[in-house]
Amino acid sequence: MAMSDIGRHSPTRSGRRIAGLLLSPGAWIAAFAALAVLALLLPLRLPLGPNAWDTVVYLDAAWRITLGQVPSIDFFAPVGPLGFYLTAGLRDLFPHAQPMLLVNWALLPIMLPVLALLAGHVARRSRGQALALVLPFLLFAALPINLHSLYPSPGFDGYGFYNRHGALLLYLLIATLLFARHRGLQTGLVAVLMLTLFLTKVTGAVSGTLLVGYAMLSGRMRLRDGVAAAAAVLAALGLLEAATGLTSAYLADILTLLGLNTDTLLPRFLTVASVKFNVIGPALALMGLLAHAAWRDGLPRRLAGWRALADAPLGWMAAGFAALAFFETQNTGSLEFIGLWPILLPLLLGAWQQQDSRLRPAILVLVLATALPSAVICLERGMRAVMSAPGYAALDLPDLGPLGRVSVKPEIAARAAAMLEHYAAFPEGYRDLARRDLLPSYIFYSEIDYQASWLLEIQHGIAALRAWETANKRQLNEVFTLDFVDPMNLLLERSPPAAVPVGVDPGRSMPDLEPDTLSRLRQVDAILAPKCPVTGPREAIRQHFAGALAGRDRIALAPCWDMYLRK
(Lines give C-alpha, C1' and ligand atoms only; values in the text may rest on other atoms or scores of the structure.)
Protein backbone atom coordinates (compact mmCIF):
# COMPACT_ATOMS: atom_id res chain seq x y z
CA MET A 1 0.00 0.00 0.00
CA ALA A 2 1.36 3.45 -0.93
CA MET A 3 1.92 6.11 1.67
CA SER A 4 -0.71 8.23 -0.06
CA ASP A 5 -3.22 5.43 0.41
CA ILE A 6 -2.43 5.16 4.11
CA GLY A 7 -2.96 8.86 4.57
CA ARG A 8 -6.19 8.70 2.62
CA HIS A 9 -7.77 5.72 4.41
CA SER A 10 -6.51 5.90 8.03
CA PRO A 11 -8.74 8.83 9.10
CA THR A 12 -11.77 6.86 7.92
CA ARG A 13 -10.66 3.79 9.82
CA SER A 14 -9.84 5.75 12.96
CA GLY A 15 -13.14 7.55 12.68
CA ARG A 16 -14.93 4.23 12.46
CA ARG A 17 -13.05 2.98 15.51
CA ILE A 18 -14.02 6.06 17.48
CA ALA A 19 -17.61 5.79 16.34
CA GLY A 20 -17.60 2.11 17.27
CA LEU A 21 -16.36 2.90 20.75
CA LEU A 22 -18.89 5.69 21.20
CA LEU A 23 -21.67 3.32 20.19
CA SER A 24 -20.40 0.46 22.35
CA PRO A 25 -22.26 0.05 25.68
CA GLY A 26 -19.36 -2.04 27.01
CA ALA A 27 -16.87 0.72 26.21
CA TRP A 28 -18.94 3.27 28.12
CA ILE A 29 -19.19 0.96 31.14
CA ALA A 30 -15.45 0.20 31.06
CA ALA A 31 -14.58 3.89 30.75
CA PHE A 32 -16.88 4.75 33.65
CA ALA A 33 -15.30 2.05 35.82
CA ALA A 34 -11.78 3.26 34.94
CA LEU A 35 -12.65 6.88 35.77
CA ALA A 36 -14.20 5.80 39.07
CA VAL A 37 -11.04 3.89 40.02
CA LEU A 38 -8.90 6.90 39.08
CA ALA A 39 -11.11 9.22 41.15
CA LEU A 40 -10.82 6.89 44.16
CA LEU A 41 -7.03 6.84 43.83
CA LEU A 42 -6.67 10.62 43.70
CA PRO A 43 -6.81 12.81 46.84
CA LEU A 44 -9.82 14.75 45.58
CA ARG A 45 -11.43 17.57 47.57
CA LEU A 46 -15.20 17.92 47.03
CA PRO A 47 -17.58 20.81 47.72
CA LEU A 48 -19.43 20.18 50.98
CA GLY A 49 -23.17 19.66 50.81
CA PRO A 50 -26.10 19.42 53.25
CA ASN A 51 -26.30 16.63 55.84
CA ALA A 52 -22.78 15.56 54.88
CA TRP A 53 -22.20 13.91 58.25
CA ASP A 54 -24.38 11.00 57.09
CA THR A 55 -21.27 9.77 55.27
CA VAL A 56 -19.77 8.94 58.67
CA VAL A 57 -22.48 6.29 59.25
CA TYR A 58 -20.83 4.24 56.52
CA LEU A 59 -17.27 5.08 57.60
CA ASP A 60 -18.01 4.13 61.21
CA ALA A 61 -19.65 0.85 60.17
CA ALA A 62 -16.82 0.05 57.74
CA TRP A 63 -14.22 0.66 60.48
CA ARG A 64 -16.10 -1.63 62.85
CA ILE A 65 -16.27 -4.32 60.15
CA THR A 66 -12.53 -3.98 59.58
CA LEU A 67 -11.99 -4.66 63.29
CA GLY A 68 -14.23 -7.73 63.23
CA GLN A 69 -17.67 -6.46 64.23
CA VAL A 70 -20.73 -7.66 62.32
CA PRO A 71 -23.66 -5.35 61.46
CA SER A 72 -26.95 -6.13 63.23
CA ILE A 73 -25.12 -8.62 65.49
CA ASP A 74 -22.49 -6.41 67.11
CA PHE A 75 -24.21 -3.10 66.43
CA PHE A 76 -27.64 -1.82 65.41
CA ALA A 77 -27.71 -0.46 61.86
CA PRO A 78 -30.46 1.63 60.23
CA VAL A 79 -30.02 -0.04 56.81
CA GLY A 80 -28.80 -3.29 55.30
CA PRO A 81 -25.25 -4.55 55.81
CA LEU A 82 -24.15 -4.93 52.18
CA GLY A 83 -23.31 -1.26 51.63
CA PHE A 84 -21.21 -1.26 54.80
CA TYR A 85 -19.24 -4.34 53.74
CA LEU A 86 -18.61 -3.03 50.24
CA THR A 87 -17.55 0.34 51.66
CA ALA A 88 -15.11 -1.48 53.96
CA GLY A 89 -13.74 -3.44 51.02
CA LEU A 90 -13.30 -0.38 48.82
CA ARG A 91 -11.71 1.51 51.71
CA ASP A 92 -9.10 -1.24 52.02
CA LEU A 93 -8.35 -0.88 48.31
CA PHE A 94 -8.52 2.93 48.23
CA PRO A 95 -7.60 4.16 51.74
CA HIS A 96 -7.18 7.77 50.60
CA ALA A 97 -10.41 8.04 48.60
CA GLN A 98 -12.77 10.93 49.20
CA PRO A 99 -15.48 9.36 51.42
CA MET A 100 -18.48 10.73 49.54
CA LEU A 101 -17.27 9.11 46.34
CA LEU A 102 -16.24 5.93 48.15
CA VAL A 103 -19.68 5.38 49.66
CA ASN A 104 -21.59 6.57 46.61
CA TRP A 105 -19.84 4.00 44.44
CA ALA A 106 -19.82 1.19 47.02
CA LEU A 107 -22.32 -0.96 45.08
CA LEU A 108 -20.73 -0.48 41.66
CA PRO A 109 -18.87 -3.83 41.95
CA ILE A 110 -22.30 -5.46 41.76
CA MET A 111 -24.23 -3.00 39.62
CA LEU A 112 -21.76 -2.51 36.77
CA PRO A 113 -21.41 -6.25 35.98
CA VAL A 114 -25.21 -6.57 36.01
CA LEU A 115 -25.47 -3.58 33.68
CA ALA A 116 -22.78 -5.00 31.38
CA LEU A 117 -24.49 -8.40 31.13
CA LEU A 118 -27.86 -6.83 30.40
CA ALA A 119 -26.43 -4.32 27.92
CA GLY A 120 -24.50 -7.02 26.06
CA HIS A 121 -27.68 -9.06 25.78
CA VAL A 122 -29.78 -6.12 24.54
CA ALA A 123 -27.04 -4.93 22.16
CA ARG A 124 -27.38 -8.16 20.15
CA ARG A 125 -30.83 -6.90 19.11
CA SER A 126 -30.29 -3.17 19.20
CA ARG A 127 -27.14 -1.31 20.19
CA GLY A 128 -29.18 1.88 20.37
CA GLN A 129 -31.53 0.42 22.98
CA ALA A 130 -28.57 -0.87 24.98
CA LEU A 131 -26.96 2.58 24.96
CA ALA A 132 -30.28 4.15 25.92
CA LEU A 133 -30.30 1.94 29.03
CA VAL A 134 -26.60 2.33 29.87
CA LEU A 135 -26.04 6.07 29.52
CA PRO A 136 -28.83 7.26 31.87
CA PHE A 137 -27.72 4.75 34.50
CA LEU A 138 -24.13 6.00 34.32
CA LEU A 139 -25.32 9.59 34.53
CA PHE A 140 -27.26 8.98 37.74
CA ALA A 141 -24.53 6.78 39.24
CA ALA A 142 -21.69 9.18 38.48
CA LEU A 143 -21.81 11.64 41.37
CA PRO A 144 -23.25 11.87 44.89
CA ILE A 145 -26.19 13.97 43.75
CA ASN A 146 -29.85 13.78 44.78
CA LEU A 147 -32.63 15.12 42.58
CA HIS A 148 -34.00 17.42 45.27
CA SER A 149 -31.91 20.30 46.58
CA LEU A 150 -32.00 21.06 50.31
CA TYR A 151 -29.67 24.07 50.23
CA PRO A 152 -29.10 26.75 47.55
CA SER A 153 -25.27 26.67 47.48
CA PRO A 154 -23.67 24.05 45.18
CA GLY A 155 -22.25 20.97 46.86
CA PHE A 156 -22.31 17.19 46.80
CA ASP A 157 -24.87 15.25 48.81
CA GLY A 158 -23.16 13.26 51.54
CA TYR A 159 -26.47 11.72 52.58
CA GLY A 160 -29.11 9.39 51.17
CA PHE A 161 -26.54 6.91 49.85
CA TYR A 162 -28.69 3.85 50.51
CA ASN A 163 -31.64 5.56 48.84
CA ARG A 164 -29.58 6.26 45.72
CA HIS A 165 -28.28 2.69 45.77
CA GLY A 166 -31.86 1.40 46.00
CA ALA A 167 -33.05 3.64 43.17
CA LEU A 168 -30.23 2.46 40.88
CA LEU A 169 -30.89 -1.18 41.72
CA LEU A 170 -34.60 -0.77 40.96
CA TYR A 171 -33.66 0.84 37.63
CA LEU A 172 -31.62 -2.26 36.79
CA LEU A 173 -34.40 -4.58 37.97
CA ILE A 174 -37.05 -2.91 35.80
CA ALA A 175 -34.67 -2.88 32.83
CA THR A 176 -33.98 -6.60 33.36
CA LEU A 177 -37.68 -7.49 33.57
CA LEU A 178 -38.49 -5.55 30.40
CA PHE A 179 -35.45 -6.14 28.19
CA ALA A 180 -33.93 -9.49 29.16
CA ARG A 181 -35.40 -12.11 26.84
CA HIS A 182 -33.12 -15.00 27.76
CA ARG A 183 -34.81 -16.84 30.61
CA GLY A 184 -31.62 -17.91 32.34
CA LEU A 185 -30.13 -14.42 32.20
CA GLN A 186 -33.35 -12.81 33.41
CA THR A 187 -33.71 -15.26 36.30
CA GLY A 188 -30.09 -14.89 37.37
CA LEU A 189 -30.08 -11.09 37.24
CA VAL A 190 -33.40 -10.85 39.09
CA ALA A 191 -32.03 -13.10 41.84
CA VAL A 192 -28.83 -11.05 42.17
CA LEU A 193 -30.70 -7.73 42.18
CA MET A 194 -33.35 -8.87 44.67
CA LEU A 195 -30.71 -10.22 47.05
CA THR A 196 -28.74 -6.99 46.74
CA LEU A 197 -31.86 -4.89 47.32
CA PHE A 198 -32.76 -6.87 50.43
CA LEU A 199 -29.27 -6.53 51.90
CA THR A 200 -29.14 -2.82 51.02
CA LYS A 201 -32.54 -1.48 52.07
CA VAL A 202 -35.56 -3.61 52.77
CA THR A 203 -38.07 -1.15 51.29
CA GLY A 204 -36.20 -1.52 47.99
CA ALA A 205 -36.72 -5.26 48.23
CA VAL A 206 -40.45 -4.73 48.90
CA SER A 207 -40.74 -2.53 45.80
CA GLY A 208 -38.71 -5.07 43.83
CA THR A 209 -41.03 -7.88 44.94
CA LEU A 210 -44.02 -5.88 43.67
CA LEU A 211 -42.30 -5.43 40.31
CA VAL A 212 -41.28 -9.08 39.96
CA GLY A 213 -44.79 -10.15 40.97
CA TYR A 214 -46.26 -7.87 38.32
CA ALA A 215 -43.83 -9.26 35.73
CA MET A 216 -45.11 -12.76 36.43
CA LEU A 217 -48.73 -11.58 36.37
CA SER A 218 -48.27 -9.86 33.01
CA GLY A 219 -46.34 -12.72 31.47
CA ARG A 220 -43.10 -10.81 31.21
CA MET A 221 -41.49 -13.40 33.50
CA ARG A 222 -42.55 -17.01 33.82
CA LEU A 223 -43.86 -18.17 37.16
CA ARG A 224 -41.31 -20.97 37.39
CA ASP A 225 -38.50 -18.47 36.73
CA GLY A 226 -39.79 -16.12 39.41
CA VAL A 227 -39.98 -19.01 41.86
CA ALA A 228 -36.44 -20.06 40.90
CA ALA A 229 -35.15 -16.52 41.51
CA ALA A 230 -36.93 -16.37 44.88
CA ALA A 231 -35.52 -19.77 45.82
CA ALA A 232 -32.02 -18.61 44.95
CA VAL A 233 -32.41 -15.50 47.13
CA LEU A 234 -33.77 -17.52 50.06
CA ALA A 235 -30.99 -20.08 49.68
CA ALA A 236 -28.36 -17.34 49.76
CA LEU A 237 -29.94 -15.78 52.85
CA GLY A 238 -30.14 -19.22 54.46
CA LEU A 239 -26.45 -19.83 53.86
CA LEU A 240 -25.66 -16.38 55.25
CA GLU A 241 -27.72 -17.18 58.33
CA ALA A 242 -26.06 -20.54 58.84
CA ALA A 243 -22.59 -19.03 58.51
CA THR A 244 -23.01 -15.83 60.51
CA GLY A 245 -26.53 -15.44 61.94
CA LEU A 246 -26.70 -12.13 60.09
CA THR A 247 -30.02 -12.68 58.29
CA SER A 248 -32.13 -13.11 61.44
CA ALA A 249 -30.28 -10.27 63.19
CA TYR A 250 -30.94 -8.00 60.22
CA LEU A 251 -34.64 -8.93 60.25
CA ALA A 252 -34.76 -8.08 63.97
CA ASP A 253 -33.27 -4.66 63.22
CA ILE A 254 -35.90 -4.14 60.50
CA LEU A 255 -38.70 -4.89 62.97
CA THR A 256 -37.14 -2.47 65.46
CA LEU A 257 -36.99 0.25 62.80
CA LEU A 258 -40.63 -0.36 61.89
CA GLY A 259 -41.53 0.21 65.53
CA LEU A 260 -39.52 3.44 65.66
CA ASN A 261 -40.93 4.84 62.40
CA THR A 262 -44.71 4.83 62.67
CA ASP A 263 -45.70 7.63 60.28
CA THR A 264 -48.66 6.79 58.04
CA LEU A 265 -48.11 6.34 54.31
CA LEU A 266 -50.42 9.11 53.06
CA PRO A 267 -48.49 12.10 54.50
CA ARG A 268 -45.26 10.65 53.15
CA PHE A 269 -46.76 10.18 49.69
CA LEU A 270 -48.06 13.75 49.70
CA THR A 271 -44.54 14.93 50.56
CA VAL A 272 -43.10 12.95 47.66
CA ALA A 273 -45.84 14.24 45.35
CA SER A 274 -45.10 17.86 46.25
CA VAL A 275 -41.33 17.46 45.94
CA LYS A 276 -41.40 15.47 42.68
CA PHE A 277 -44.44 16.93 40.95
CA ASN A 278 -42.22 17.70 37.95
CA VAL A 279 -42.10 13.94 37.34
CA ILE A 280 -45.34 12.75 38.95
CA GLY A 281 -47.53 15.25 37.08
CA PRO A 282 -46.43 14.25 33.56
CA ALA A 283 -46.35 10.56 34.54
CA LEU A 284 -49.97 10.65 35.69
CA ALA A 285 -50.97 12.58 32.57
CA LEU A 286 -49.21 9.99 30.40
CA MET A 287 -51.00 7.14 32.17
CA GLY A 288 -54.29 8.99 31.69
CA LEU A 289 -53.64 9.35 27.97
CA LEU A 290 -52.70 5.68 27.62
CA ALA A 291 -55.80 4.69 29.59
CA HIS A 292 -57.93 6.85 27.26
CA ALA A 293 -56.44 5.09 24.24
CA ALA A 294 -57.06 1.66 25.77
CA TRP A 295 -60.67 2.59 26.66
CA ARG A 296 -61.34 3.98 23.22
CA ASP A 297 -60.00 0.82 21.55
CA GLY A 298 -62.27 -1.29 23.77
CA LEU A 299 -61.44 -3.26 26.88
CA PRO A 300 -60.35 -6.90 26.43
CA ARG A 301 -62.98 -9.60 26.75
CA ARG A 302 -60.62 -12.52 27.34
CA LEU A 303 -57.92 -13.28 29.87
CA ALA A 304 -55.24 -13.23 27.17
CA GLY A 305 -56.31 -9.71 26.22
CA TRP A 306 -56.12 -8.47 29.79
CA ARG A 307 -52.68 -10.03 30.15
CA ALA A 308 -51.55 -8.26 26.97
CA LEU A 309 -52.88 -4.98 28.37
CA ALA A 310 -51.00 -5.61 31.61
CA ASP A 311 -47.78 -6.04 29.60
CA ALA A 312 -48.48 -2.89 27.59
CA PRO A 313 -47.07 0.56 28.47
CA LEU A 314 -50.15 1.48 30.53
CA GLY A 315 -49.83 -1.56 32.77
CA TRP A 316 -46.10 -1.17 33.31
CA MET A 317 -46.36 2.58 33.91
CA ALA A 318 -48.96 1.97 36.60
CA ALA A 319 -47.04 -0.87 38.23
CA GLY A 320 -43.66 0.87 38.02
CA PHE A 321 -45.05 4.16 39.29
CA ALA A 322 -46.75 2.48 42.26
CA ALA A 323 -43.66 0.48 43.25
CA LEU A 324 -41.30 3.44 42.90
CA ALA A 325 -43.71 5.77 44.72
CA PHE A 326 -43.80 3.35 47.66
CA PHE A 327 -40.01 3.23 47.71
CA GLU A 328 -39.71 7.02 47.65
CA THR A 329 -42.12 7.46 50.57
CA GLN A 330 -39.50 5.69 52.70
CA ASN A 331 -36.65 7.95 51.57
CA THR A 332 -35.12 11.28 52.43
CA GLY A 333 -33.41 12.34 49.26
CA SER A 334 -32.83 10.01 46.34
CA LEU A 335 -32.76 9.56 42.59
CA GLU A 336 -36.54 9.61 42.61
CA PHE A 337 -38.39 7.75 39.87
CA ILE A 338 -35.38 7.14 37.62
CA GLY A 339 -36.69 3.57 37.31
CA LEU A 340 -39.45 4.86 35.04
CA TRP A 341 -36.96 5.34 32.20
CA PRO A 342 -36.75 1.67 31.14
CA ILE A 343 -40.56 1.72 30.97
CA LEU A 344 -40.64 4.96 28.97
CA LEU A 345 -37.94 3.85 26.54
CA PRO A 346 -40.11 1.44 24.50
CA LEU A 347 -42.74 4.16 24.13
CA LEU A 348 -40.11 6.61 22.96
CA LEU A 349 -38.61 4.12 20.50
CA GLY A 350 -42.02 3.08 19.20
CA ALA A 351 -41.79 -0.53 20.40
CA TRP A 352 -45.40 -0.36 21.57
CA GLN A 353 -47.47 1.46 18.95
CA GLN A 354 -51.04 0.56 19.65
CA GLN A 355 -51.94 4.26 19.67
CA ASP A 356 -52.92 5.94 16.45
CA SER A 357 -50.80 8.71 14.95
CA ARG A 358 -53.00 11.46 16.44
CA LEU A 359 -51.96 10.50 19.97
CA ARG A 360 -48.28 9.91 19.27
CA PRO A 361 -47.16 13.58 19.49
CA ALA A 362 -48.89 13.97 22.87
CA ILE A 363 -47.36 10.71 24.10
CA LEU A 364 -43.91 11.81 22.94
CA VAL A 365 -44.25 15.13 24.77
CA LEU A 366 -45.41 13.46 27.98
CA VAL A 367 -42.66 10.81 27.82
CA LEU A 368 -40.03 13.54 27.50
CA ALA A 369 -41.71 15.63 30.20
CA THR A 370 -41.54 12.62 32.54
CA ALA A 371 -37.97 11.63 31.73
CA LEU A 372 -36.08 14.88 31.17
CA PRO A 373 -36.51 16.68 34.54
CA SER A 374 -34.51 14.06 36.42
CA ALA A 375 -31.68 14.05 33.89
CA VAL A 376 -31.58 17.86 33.68
CA ILE A 377 -31.57 18.29 37.47
CA CYS A 378 -28.83 15.68 37.88
CA LEU A 379 -26.65 17.39 35.26
CA GLU A 380 -27.38 20.88 36.58
CA ARG A 381 -26.66 20.06 40.23
CA GLY A 382 -23.59 18.03 39.40
CA MET A 383 -22.10 20.66 37.10
CA ARG A 384 -22.82 23.44 39.59
CA ALA A 385 -20.87 21.55 42.23
CA VAL A 386 -17.98 20.76 39.88
CA MET A 387 -17.77 24.28 38.46
CA SER A 388 -17.93 25.91 41.88
CA ALA A 389 -15.10 23.82 43.32
CA PRO A 390 -12.16 25.97 42.02
CA GLY A 391 -13.46 29.01 43.88
CA TYR A 392 -14.09 27.20 47.16
CA ALA A 393 -11.79 27.21 50.19
CA ALA A 394 -10.49 24.20 52.10
CA LEU A 395 -11.30 23.89 55.81
CA ASP A 396 -8.47 23.57 58.33
CA LEU A 397 -8.94 19.89 59.17
CA PRO A 398 -5.46 18.32 59.37
CA ASP A 399 -6.50 15.43 61.63
CA LEU A 400 -9.57 14.27 59.72
CA GLY A 401 -7.80 12.55 56.83
CA PRO A 402 -9.97 11.93 53.75
CA LEU A 403 -13.09 12.98 55.72
CA GLY A 404 -11.63 16.49 55.88
CA ARG A 405 -11.07 16.82 52.13
CA VAL A 406 -14.02 19.11 51.54
CA SER A 407 -14.37 22.74 50.54
CA VAL A 408 -16.89 25.54 50.95
CA LYS A 409 -17.32 29.12 49.85
CA PRO A 410 -14.68 31.32 51.56
CA GLU A 411 -17.36 33.30 53.39
CA ILE A 412 -18.93 30.04 54.65
CA ALA A 413 -15.52 28.85 55.86
CA ALA A 414 -15.10 32.08 57.85
CA ARG A 415 -18.65 31.86 59.17
CA ALA A 416 -18.24 28.22 60.23
CA ALA A 417 -15.18 29.04 62.35
CA ALA A 418 -16.84 32.12 63.83
CA MET A 419 -20.04 30.24 64.66
CA LEU A 420 -18.06 27.57 66.51
CA GLU A 421 -16.58 30.29 68.71
CA HIS A 422 -20.04 31.82 69.14
CA TYR A 423 -21.58 28.50 70.21
CA ALA A 424 -18.88 28.06 72.85
CA ALA A 425 -19.18 31.65 74.15
CA PHE A 426 -22.97 31.84 74.35
CA PRO A 427 -24.31 28.37 75.23
CA GLU A 428 -27.36 29.43 77.26
CA GLY A 429 -29.43 30.56 74.30
CA TYR A 430 -28.95 27.19 72.62
CA ARG A 431 -29.78 25.34 75.83
CA ASP A 432 -33.03 27.29 75.90
CA LEU A 433 -33.81 26.26 72.31
CA ALA A 434 -33.02 22.65 73.22
CA ARG A 435 -35.45 22.82 76.16
CA ARG A 436 -38.10 24.07 73.73
CA ASP A 437 -37.24 21.19 71.36
CA LEU A 438 -36.21 23.68 68.68
CA LEU A 439 -33.12 23.62 66.51
CA PRO A 440 -31.18 26.87 65.90
CA SER A 441 -32.87 26.98 62.48
CA TYR A 442 -35.57 24.92 60.82
CA ILE A 443 -33.17 23.22 58.38
CA PHE A 444 -30.16 23.38 60.69
CA TYR A 445 -28.50 20.12 59.64
CA SER A 446 -29.08 20.88 55.95
CA GLU A 447 -27.14 24.13 56.22
CA ILE A 448 -23.67 23.78 54.79
CA ASP A 449 -22.17 26.24 57.28
CA TYR A 450 -23.28 23.99 60.15
CA GLN A 451 -21.82 20.91 58.47
CA ALA A 452 -18.55 22.84 58.14
CA SER A 453 -18.75 23.89 61.81
CA TRP A 454 -19.38 20.26 62.78
CA LEU A 455 -16.24 19.14 60.97
CA LEU A 456 -14.25 21.90 62.73
CA GLU A 457 -15.77 20.76 66.03
CA ILE A 458 -14.54 17.20 65.35
CA GLN A 459 -11.08 18.57 64.50
CA HIS A 460 -10.96 20.49 67.79
CA GLY A 461 -12.09 17.40 69.67
CA ILE A 462 -9.41 15.18 68.10
CA ALA A 463 -6.68 17.73 68.83
CA ALA A 464 -7.88 18.26 72.43
CA LEU A 465 -8.09 14.53 73.11
CA ARG A 466 -4.57 13.93 71.84
CA ALA A 467 -3.27 16.85 73.89
CA TRP A 468 -4.96 15.45 77.00
CA GLU A 469 -3.48 12.01 76.40
CA THR A 470 -0.01 13.50 76.02
CA ALA A 471 -0.35 15.64 79.13
CA ASN A 472 -1.73 12.78 81.23
CA LYS A 473 0.44 10.01 79.73
CA ARG A 474 -2.64 7.84 79.18
CA GLN A 475 -4.02 6.50 75.93
CA LEU A 476 -7.78 6.08 75.70
CA ASN A 477 -8.36 2.84 73.83
CA GLU A 478 -12.13 3.19 73.29
CA VAL A 479 -14.28 6.29 73.02
CA PHE A 480 -17.95 6.89 72.35
CA THR A 481 -19.46 10.15 71.14
CA LEU A 482 -22.91 11.36 72.18
CA ASP A 483 -23.94 12.56 68.75
CA PHE A 484 -25.71 11.42 65.60
CA VAL A 485 -22.50 9.98 64.13
CA ASP A 486 -19.17 9.06 65.70
CA PRO A 487 -15.97 9.38 63.62
CA MET A 488 -13.64 9.48 66.63
CA ASN A 489 -12.52 5.85 66.76
CA LEU A 490 -11.91 5.78 63.03
CA LEU A 491 -9.87 9.00 63.11
CA LEU A 492 -7.94 7.97 66.22
CA GLU A 493 -7.62 4.37 64.99
CA ARG A 494 -9.11 3.01 68.21
CA SER A 495 -11.51 0.13 68.80
CA PRO A 496 -15.17 1.24 68.83
CA PRO A 497 -17.39 -0.31 71.50
CA ALA A 498 -19.62 -3.16 70.37
CA ALA A 499 -23.41 -3.21 70.87
CA VAL A 500 -23.66 0.54 70.14
CA PRO A 501 -25.68 1.73 67.10
CA VAL A 502 -24.26 3.53 64.10
CA GLY A 503 -26.26 6.63 63.25
CA VAL A 504 -28.09 7.50 66.48
CA ASP A 505 -31.13 9.53 65.42
CA PRO A 506 -33.71 10.14 68.18
CA GLY A 507 -37.13 8.90 67.08
CA ARG A 508 -35.82 7.09 63.99
CA SER A 509 -32.81 4.90 64.79
CA MET A 510 -32.32 5.01 68.56
CA PRO A 511 -33.73 1.73 69.92
CA ASP A 512 -34.18 1.04 73.61
CA LEU A 513 -30.95 0.14 75.34
CA GLU A 514 -30.20 -3.53 75.74
CA PRO A 515 -28.57 -4.55 79.05
CA ASP A 516 -25.37 -5.56 77.27
CA THR A 517 -25.21 -2.16 75.52
CA LEU A 518 -25.18 -0.28 78.80
CA SER A 519 -22.75 -2.77 80.33
CA ARG A 520 -20.44 -2.42 77.34
CA LEU A 521 -20.53 1.38 77.43
CA ARG A 522 -19.59 1.42 81.08
CA GLN A 523 -16.29 -0.19 80.08
CA VAL A 524 -15.48 2.49 77.50
CA ASP A 525 -12.50 4.65 78.50
CA ALA A 526 -14.09 7.96 77.57
CA ILE A 527 -17.52 9.19 76.50
CA LEU A 528 -17.40 12.47 74.61
CA ALA A 529 -20.17 15.08 74.60
CA PRO A 530 -20.03 17.75 71.87
CA LYS A 531 -21.76 21.00 72.76
CA CYS A 532 -21.26 23.51 69.93
CA PRO A 533 -24.12 23.93 69.96
CA VAL A 534 -26.24 22.05 72.47
CA THR A 535 -29.31 20.83 70.60
CA GLY A 536 -32.43 18.90 71.46
CA PRO A 537 -31.26 15.75 69.62
CA ARG A 538 -27.88 15.87 71.34
CA GLU A 539 -29.56 16.22 74.71
CA ALA A 540 -31.91 13.33 73.87
CA ILE A 541 -28.91 11.14 73.00
CA ARG A 542 -27.11 12.14 76.22
CA GLN A 543 -30.18 11.28 78.30
CA HIS A 544 -30.63 8.00 76.40
CA PHE A 545 -27.12 6.89 77.38
CA ALA A 546 -27.11 8.62 80.78
CA GLY A 547 -26.73 5.29 82.60
CA ALA A 548 -23.26 4.92 81.11
CA LEU A 549 -22.17 8.32 82.47
CA ALA A 550 -22.77 7.50 86.13
CA GLY A 551 -19.59 7.36 88.21
CA ARG A 552 -17.40 9.00 85.57
CA ASP A 553 -15.30 12.13 86.00
CA ARG A 554 -16.52 15.00 83.83
CA ILE A 555 -13.64 16.91 82.27
CA ALA A 556 -13.88 20.09 80.21
CA LEU A 557 -11.76 18.79 77.37
CA ALA A 558 -12.20 21.84 75.12
CA PRO A 559 -14.63 24.77 74.76
CA CYS A 560 -16.84 22.57 72.58
CA TRP A 561 -16.27 19.21 74.30
CA ASP A 562 -16.87 17.54 77.63
CA MET A 563 -15.26 14.19 78.37
CA TYR A 564 -16.72 11.65 80.81
CA LEU A 565 -13.68 9.66 81.89
CA ARG A 566 -13.81 6.16 83.31
CA LYS A 567 -12.07 6.07 86.68
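Ala 499 lies in the loop between α22 (488–492) and α23 (515–522), where helices (H or I, at least four residues) and strands (E, at least two) are DSSP runs numbered from the N terminus. Phi of Ala 499 is near 70 degrees, a positive value in a residue other than glycine. The structure is a predicted model, in which local features need pLDDT of at least 70 and side-chain atom pairs count only at pLDDT 80 or more, while totals for chains, interfaces and linings use all residues. Residues are numbered from 1 along each chain as its sequence is written, and side-chain values use heavy atoms, with hydrogens and water left out.

A positive phi, of about 65 degrees, is also found at Phe 337, which is not a glycine. Phe 337 is placed in the loop between α16 (313–329) and α17 (341–349). With a relative accessibility of 4%, Phe 337 counts as buried; buried means under 20% relative accessible area, exposed over 50%, and partly exposed in between (1.4 Å probe, protein chains only). In the loop between β5 (526–530) and α24 (536–544) lies Pro 533. The peptide bond that joins Cys 532 and Pro 533 is cis, with omega at about 0 degrees.

The chain as a whole has 24 helices and seven strands. Along the principal axes, the C-alpha atoms fill a box of roughly 80 × 70 × 45 Å. Of the 567 residues, 54% count as buried. Contact means heavy atoms within 4.5 Å. Among contacts between residues at least 6 apart in sequence, 77% join residues at least 24 apart.

The chain exposes about 24400 Å², of which carbon and sulfur atoms supply 63%; accessible areas come from the Shrake-Rupley method with a 1.4 Å probe, and for residues only the protein chains shown count as cover. The mean positions of the 47 positive and 39 negative charges are 11 Å apart. Lys and Arg count as positive and Asp and Glu as negative, without His and the chain ends, and the place of a charge is NZ of Lys, CZ of Arg, CG of Asp or CD of Glu.

Ser 72 is located in the loop between α3 (55–66) and α4 (82–93) and counts as buried at 12% relative accessibility. Apart from residues up to four places away in sequence, Ser 72 touches Leu 246, Ala 249, Tyr 250 and Asp 253. The side chains of Ser 72 and Asp 253 are joined by a polar contact of 2.9 Å. A polar contact is a pair of N or O atoms within 3.5 Å; within protein, one must be able to donate a hydrogen and the other to accept it, and residues adjacent in sequence count only if both atoms are side-chain atoms.

Thr 176, in helix α8 (residues 161–179), has 0% relative accessibility and counts as buried. Beyond its neighbours within four places in sequence, Thr 176 is in contact with Leu 118, Gln 186, Leu 189, Val 190 and Leu 193. Leu 42, in the loop between α2 (25–41) and β1 (46–47), is partly exposed, with a relative accessible area of 36%. With neighbours within four places in sequence left aside, Leu 42 is in contact with His 96 and Arg 405.
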